[in-house]
Amino acid sequence: MWCYLSRIHKRINWLANSTTRWPVAYTQAIGGESLRIGCYAWIKKLQQQSMLRWRERLSEEEDFDVIVVGGGPAGLNTAIMCASRHLKVLLLEGNKMGGLLATLYPNKTIPNYPGFPEGIVAIKLVRSWLHHLKSTGVVFKSEMVARVERDLTVTSTRTEYKSHVVVLATGTKPRRLGILHEEEFSRESKGVYYFASHPEEFLGKRVIVVGGGDTAIDATLELLDLASEVTLIHRHEGFRAFDQNVERVRRSGIVNVLPNAELLAMEGNGRVEKVIVKQRGEKLEKQVDAVIIAIGLVPNDQIFSHLPLKTNPQGFLLTDRAQRTNVEGIFAVGDVTNVGLRLITVAAGHGAIASHHIYSFIRRPYWTRETWPTSM
Ligand SMILES: Cc1cc2nc3c(=O)[nH]c(=O)nc-3n(C[C@H](O)[C@H](O)[C@H](O)COP(=O)(O)OP(=O)(O)OC[C@H]3O[C@@H](n4cnc5c(N)ncnc54)[C@H](O)[C@@H]3O)c2cc1C
């Protein structure tokens, strides 16, 4: 197969090169300069496509040591650190490289990443990680994984891969409230969001934020200078978020805080226009332009929920101190695990720990005799 592909590739290369050398008089005779340029562009495109397919085929036929599922901070650092130990790594990301930093809060200034005392904008951090990733030997592809099997087969929406180790770095997704119209209005900017990812969208809008943790308070702070009206509703009296941020919200003077309140329903003609809130047994109606639902995160577990992997009651994966799950060959890192603290640095740290033990598991060096734990 390789020989055949390489012959086709060489033939296309020859055609493309010879086209550039076709004498002008000849091409004019058969249709002029525009035909020559058209032919050249078409052949160049064929050449690029065949090269791409050829490269993809090469990496599919390759035997990987490690397949990392998920390109957030945990998956990216696992891949980079495994590659630095000369393991062959495939990284599969189904959405955007960078995980939550790229999808949920690209514009947020991250205050707690070491080396940036003034903070760093999330998407800039992602860019430098990708730059780093490209300088390693990691093969990375934009492919959604559909299923991981116990025998370490990984099936993506395109094809199937095998390796000696699979690392689950699938992170989390925002929890849904599960009320009527939520799904419909959360698609294509119809007024329901899970974070203020693009704060400018809320300029001059009346916004309701639901939740009492860091995500809800962060979202509220993002809106302070933009929205015309912000209402923060929370089921309890106090907030779980960072005290100093809660204080900033309270001191802003423009946020209407409704404690002991729940969002019961959303209504509107094609997009959210009105919400019904219950506070201490009483129902209130409110006209709004947008609702931000920030009530926590749930693990992205669809691809492994059929496996006998141990989890905590909320579905987060249990691992030992080496980031090993209870299924031999499967590691888990970052927010998808039962980690006490969900932070970028912690997720990246998991990658460092996992890569060390992945190396021992695969290469079995003389200085370590690690066995897979039988209980967890
Ligand atoms: C609003 C908000 C603000 C935050 N702010 C901060 C902050 O300021 N500082 C801080 O340290 N932490 C912050 N965090 C926490 C931080 O974002 C997370 O701890 C970190 O992103 C976890 O990284 P991860 O790689 O485990 O998961 P994620 O970042 O969730 O990445 C998981 C990746 O896996 C991919 N994936 C999932 N399923 C599949 C599949 N089947 N196939 C292929 N790919 C898949 C996803 O597309 C995603 O890219 C914040 C979190 C939120 C929600």
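Two residues are in contact here if their C-beta atoms, placed from the backbone, lie within 7 Å. Helices (H or I, at least four residues) and strands (E, at least two) are DSSP runs, numbered from the N terminus. Welcome to a predicted model, in which local features need pLDDT of at least 70, side-chain atom pairs count only at pLDDT 80 or more, and totals for chains, interfaces and linings use all residues. Residues are numbered from 1 along each chain as its sequence is written.

Let us begin with two helix pairs. Leu-76, Ala-79 and Ile-80 in H4 meet Trp-129, His-132 and Leu-133 in H6. This contact of H4 with H6 holds five nonpolar residues, one polar and no charged, where Ala, Val, Leu, Ile, Met, Phe, Trp, Tyr, Cys and Pro count as nonpolar, Asp, Glu, Lys and Arg as charged, and the others, Gly among them, as polar.

In the second pair, Ile-217, Thr-220 and Leu-221 of H8 meet Asn-245, Val-246, Arg-248 and Val-249 of H9. That contact of H8 with H9 divides into four nonpolar, two polar and one charged.

| Helix pair | Axes come within | Crossing angle |
|---|---|---|
| H4 and H6 (residues 122-134) | 10 Å | roughly 25° |
| H8 and H9 (residues 243-252) | 10 Å | roughly 40° |

Axes are lines fitted to C-alpha atoms, for helices over the stretch in contact, and angles run from 0 to 180 degrees between N-to-C directions.

Now to the ligand. Its shell has 37 residues, the closest being Gly-70, Gly-72, Gly-99, Gly-171 and Gly-334; a residue is near a molecule if its C-beta atom, placed from the backbone, lies within 6 Å of it. The shell around the ligand comprises 18 nonpolar, 15 polar and four charged residues. Helices H4 (73-84) and H8 (214-223) are among the elements that each supply at least two residues of this shell.
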